[in-house]
Amino acid sequence: MELMELAEAGKIGTIIVKDHSRLGRNRLVVGQLLEEDFVYMGIRYIAIMDNIDTKDGLSDFLPVQDWFNEMHAKNTSKKVQAVFQNKGMSGKSCITV
């Protein structure tokens, strides 16, 4: 939220992330940010590990990558919930680190 407030105030020129999935896991929100919001605000976006730089344009494959990021997050969430549920049913305590 703070990042978007700074961006809307014109205080950010470039956003650099290590991995594209760090921008967000919702493909619709990420798509809107990259294709509309950042363009409107004049913000350059760079994802180092995914070789994404909006100064070079967006790849046609990017929406597919966003979909995979979203599905990975959902799948991981289901697995974590199953572990907690299984631990709860067995009567064992579960410690999160």
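## The nonpolar core

A nonpolar core is a set of buried Ala, Val, Leu, Ile, Met, Phe, Trp, Tyr and Cys residues joined through side-chain atoms within 4.5 Å. Buried means under 20% relative accessible area, exposed over 50%, and partly exposed in between (1.4 Å probe, protein chains only). This is a predicted model: local features need pLDDT of at least 70, side-chain atom pairs count only at pLDDT 80 or more, and totals for chains, interfaces and linings use all residues. Residues are numbered from 1 along each chain as its sequence is written, and side-chain values use heavy atoms, with hydrogens and water left out.

The largest nonpolar core has 14 residues. Ile 15, Leu 23, Leu 34, Phe 38, Ile 43 and Tyr 45 touch the most other members. At least two residues of this core come from each of β1, α2 and β2. Helix α2 gives the most, with four residues. Helices (H or I, at least four residues) and strands (E, at least two) are DSSP runs, numbered from the N terminus.

Ile 15 is in contact (heavy atoms within 4.5 Å) with Leu 3, Phe 38, Ile 43, Arg 44, Tyr 45 and Ile 46, leaving aside its neighbours within four places in sequence.

## The aromatic pair

The structure holds one aromatic pair. The ring centres of Phe 38 and Tyr 45 are 6.2 Å apart and their planes are at 35°, so the pair is tilted. Rings of Phe, Tyr and Trp (its six-membered ring) pair if their centres lie within 6.5 Å; planes under 30 degrees apart count as stacked, over 60 as edge-to-face and the rest as tilted.

Both partners are buried: Phe 38 has a relative accessible area of 2%, and Tyr 45 has 0%.

## The sheet

Three strands form an open sheet in the order β1-β2-β3, with mixed pairing. β1 (14–17) and β3 (52–53) stand at the edges. Each has a single partner strand, so one side of each is left without a neighbour in the sheet. Two strands pair if DSSP finds at least two bridges between them.

Strand β2 (residues 44–47) runs antiparallel to β3, joined by two bridges. Ile 46 stands opposite Asp 53 in β3.

## Two aspartates

Asp 53 lies in strand β3. Asp 53 is buried, with a relative accessible area of 13%. Its side chain joins that of Arg 44 through a polar contact of 2.5 Å. A polar contact is a pair of N or O atoms within 3.5 Å; within protein, one must be able to donate a hydrogen and the other to accept it, and residues adjacent in sequence count only if both atoms are side-chain atoms.

Asp 37 sits in helix α2 (residues 27–41). At 22% relative accessibility, Asp 37 is partly exposed.
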